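Could you look through the model below before reading my comments? I have kept them as numbered points.

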Amino acid sequence: NEALEDEGIGHKMSFFFHQNLPTSIITYNHATFFDYLSLLRWGCLGNFKKLATKIVADNTMLIYLNGHQNSKTSPNENFAREFFELFTVGRGQAAGPGDYTTFTEDDVIQAARVFTGFNHAQRHQYSDPETGIPAGKAYPQSHDFDPKTFSARFGGATITSTTQDAAGMEAELNSFVDLVFAQPEGSRNFCRRLYRFFVTRNIPQDVEDE
């Protein structure tokens, strides 16, 4: 019904992001999946970088890609790998052992450390203060606050935290997302996906070049 009544492109863009930031309704429960869809609708016509930041603590995504199992004592790299390969810069041609041109295996390890400590929260007890949508949140006791140094693919950048609390975790996350979105290949990858979604899966060379 929402699709039929939508006079703009919002519903179609929500569907686009559901394909590019995917989860499954069977991962958690129907209520949190509704929250996930609400988040896509909230961010589908706004700033993609902001949406990519918010999806980190989405309750359904946390279960779907094992973020709820990612802590400083037992890091889980599943979400970090997909954040690079599926959500943002994409996986380029292999350039060496563990080097995919756009990111490396070491970058996955460091990104997973940035994501440690974000876990689900009770739906009726916590909502994201900016979106108003129920979400997971930061748990500092489970976060790795040590510096994270990335590969030459990201200029050897180091992310540090000045405070060992939820605000420090959020600052680290924002610094990491800024670092990833500063990579030109992220924009190219996103534009390719838009072109395939709205035009055709076969991208002519002149379109790729421009």
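Predicted model: local features only at pLDDT ≥ 70, side-chain atom pairs only at ≥ 80, totals over all residues.

1. Residues are numbered from 1 along each chain as its sequence is written, and side-chain values use heavy atoms, with hydrogens and water left out.

2. Helix 7 spans residues 105–115 and is mostly covered, with eight of its eleven residues buried. Here buried means under 20% relative accessible area, exposed means over 50%, and partly exposed lies in between, for a 1.4 Å probe and protein chains only; helices (H or I, at least four residues) and strands (E, at least two) are DSSP runs numbered from the N terminus. The buried set consists of Asp107, Val108, Gln110, Ala111, Ala112, Arg113, Val114 and Phe115, and these residues pack against helix 6 (78–87), strand 1 (118–119), strand 3 (148–149) and helix 8 (166–181), where contact means heavy atoms within 4.5 Å.

3. What caps the N-terminal end of helix 7? The cap is threonine 104, a side-chain oxygen of which lies 3.3 Å from the backbone nitrogen of aspartate 106. A polar contact, in the sense used here, is a pair of N or O atoms within 3.5 Å; within protein, one must be able to donate a hydrogen and the other to accept it, and residues adjacent in sequence count only if both atoms are side-chain atoms. After helix 7 comes glycine 117, whose phi is positive, near 90°.

4. Glutamine 110 counts as buried because its relative accessibility is 13%, and, leaving aside neighbours within four places in sequence, it is in contact with Pro147, Lys148, Thr149 and Phe150. Glutamine 110 and isoleucine 159 are 49 residues apart in sequence, and their C-alpha atoms are 9.4 Å apart in space.

5. The largest pocket holds about 370 Å³ of space. The search runs on a 1 Å grid over the protein atoms alone: a cavity is a set of points where a 1.4 Å probe fits but cannot get out, a pocket is an open set with protein on both sides within 12 Å along at least five of seven lines, and lining residues have an atom within 4 Å of a point. Grid points are joined across faces, edges and corners, and a volume is the space filled by probe spheres set on the points. Of the 27 residues that line the largest pocket, Thr53, Lys54, Asp128, Glu170 and Leu173 lie nearest its centre. Helix 3 (30–43), helix 4 (48–54), strand 2 (137–138) and helix 8 each give two or more residues to this lining, and helix 8 gives the most, with five. The lining divides into twelve nonpolar, five polar and ten charged residues, where Ala, Val, Leu, Ile, Met, Phe, Trp, Tyr, Cys and Pro count as nonpolar, Asp, Glu, Lys and Arg as charged, and the others, Gly among them, as polar.

6. A search of the whole structure finds one cavity of 30 Å³ or more, and the volume of the largest cavity is about 60 Å³. Its lining is formed by Val56, Met61, Leu62, Gly67, Asn70, Phe79, Phe115 and Phe118, which by class gives six nonpolar, two polar and no charged residues.

7. With a disulfide taken as a pair of cysteine sulfur atoms within 2.5 Å, the count comes to zero. Cysteine 44 is buried, at a relative accessible area of 5%, whereas cysteine 191 is partly exposed, at 48%.

8. Threonine 131 is found in the loop between strand 1 and strand 2 and is buried, with a relative accessible area of 17%. A polar atom of its side chain lies 3.1 Å from the backbone nitrogen of isoleucine 133, and, not counting residues up to four places away in sequence, threonine 131 touches Leu39, Trp42 and Lys54. Threonine 32, placed in helix 3, counts as buried at 4% relative accessibility.
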